[in-house]
Amino acid sequence: MASAVFLATVPLHRDFFDVAVYYGTVDDWVHHGGRIYDYLKPGTHYGFTYPPFAAVAMLPMALVSWPVAVAISLGLSIAASVLLLRWLAGPVVRRAGGRRWFGFTVAGCLFALFEPVRDTFSFGQVNLLLVALVFADARLLATGRGRYAGIGIGLATAVKLTPALFIGYLLVTGRTRQAGRAGATAVAATLLAAVVDLGASRVFWTDALWHTDRIGALGYVSNQSLQGVLARLQPDQPSRAVWLVCAVAVLGLWAYRARAAVRDGDDRTGFALTGLAACLVSPVTWVHHLVWVLPALLVLADTALRARAVSRAPLMICAGLYVLLCSSVVWLWHRPTTDAVAFLGANAYVWITLGLLLVPWSPSGRPRTAPTGDDVTGGAGVTDGAGATR
């Protein structure tokens with residue numbers, strides 16, 4: 001009840017802004033002969049920013065009314081949320097014992113209060129669907145069915161480019177067949193979109209992709225990426241060279257830690273680290289994109305709980321970070337300022353994401369048990385193309 005009251009009264013409601021952009025784009029494209037990347041939501045300068053395959057996947061919107069489109073958006077996000085709660089929080093709830101319905105209810109309330117999740121629903125965003133696609137592949141790898149993994153990551157990449165780093169994760173951890181399958185899926189989906197609308201594909205890959213101002217101002221406080229930090233430091237012209245150096249450093253750390261995690265049989269940490277790194281290096285990471293941070297918080301908390309001697313410090317840290325990520329604290333500094341405190345506060349979610357990438361997550365305290373069909377974060381090691389663990 002407390003969660004429902006909070007959600008109904010406290011958070012900012014975004015009036016399904018993004019799904020309105022999707023709906024208007026598809027409607028203009030199908031019914032009025034418009035072009036995907038020319039459409040702007042009336043009264044704004046915001047238009048469609050995803051790859052053309054995303055527009056193709058959204059074509060069914062052209063067949064329904066606006067209220068139905070909103071209902072479908074909410075329904076898909078709810079379905080993705082249920083799957084993610086089962087895959088990510090389910091093992092923790094089952095190990096805790098007691099009444100599982102109560103554990104899942106608590107987990108669901110905590111999930112719903114998380115600001116990126118709230119914003120994903122309120123904007124009508126696709127974030128939760130993409131996380132579910134990626135973690136469907138994580139589940140396949142964790143359950144010894146690696147021969148089928150890669151398709152979810154490929155589809156997520158074709159819809160939105162940020163999940164492409166998970167293809168890199170498959171490569172750096174030795175899953176070359178799965179990486180190839182993911183890459184082939186992304187290419188096939190992209191070619192399908194080119195067949196449907198070659199002009200839109202040409203515009204996106206040669207022009208629209210490179211104009212980040214189409215998405216919004218890089219220095220806007222909602223952009224909680226490394227590029228956003230630099231843009232707030234240098235509003236007129238953020239240094240691309242500095243951003244590139246920072247991004248390469250983050251990717252180097254991520255690759256090292258991801259490989260180490262998988263060598264320790266801790267694939268769940270590898271996937272969580274990849275989500276963090278993707279948020280940091282993406283030129284634009286709006287607050288609602290930070291749904292990728294939630295698996296990292298769950299993994300860190302679960303690792304502490306599964307240790308031989310439960311350590312309260314990591315659990316308290318996770319709780320504190322979770323509260324901050326529910327608080328909308330960065331919006332206190334939504335107006336540009338050069339004050340040092342404001343700079344720290346306006347980039348709070350970046351510091352949290354970077355801190356989670358840096359903190360050591362030792363899997364040594366958890367038991368080395370074989371993964372089960374219900375444990376997407378089980379202790380599966382590196383799998384080869386046939387799905388065998390090695």
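Start with α2 and α4, which are oblique to each other, a label for angles that are not under 35 degrees (roughly parallel), over 145 (roughly antiparallel) or 65 to 115 (roughly perpendicular). Helix α2 covers residues 17-31 and helix α4 residues 66-96; they pack at an angle of about 125°, with axes 10 Å apart. Axes are lines fitted to C-alpha atoms over the stretch in contact, and angles run from 0 to 180 degrees between N-to-C directions. Helices are DSSP runs of H or I, at least four residues, numbered from the N terminus.

V19, A20 and Y23 of α2 meet W66, A69, V70 and S73 of α4, where contact means heavy atoms within 4.5 Å. Six of these residues are nonpolar, one is polar and none is charged.

A word on the source: this is a predicted model, in which local features need pLDDT of at least 70 and side-chain atom pairs count only at pLDDT 80 or more, while totals for chains, interfaces and linings use all residues. Residues are numbered from 1 along each chain as its sequence is written, and side-chain values use heavy atoms, with hydrogens and water left out.

Next, helix α8, residues 151-159. Seven of its nine residues are buried, that is, under 20% relative accessible area with a 1.4 Å probe, protein chains only. Among them are I153, T157 and V159. Their cover includes α3, α7, α9, α10 and α14.

Terms used:
Helix = DSSP H or I, 4+ residues; strand = E, 2+ residues; numbered from the N terminus. Nonpolar A, V, L, I, M, F, W, Y, C, P; charged D, E, K, R; others polar. Buried < 20%, exposed > 50% of the residue type's maximum accessible area, 1.4 Å probe, protein only.
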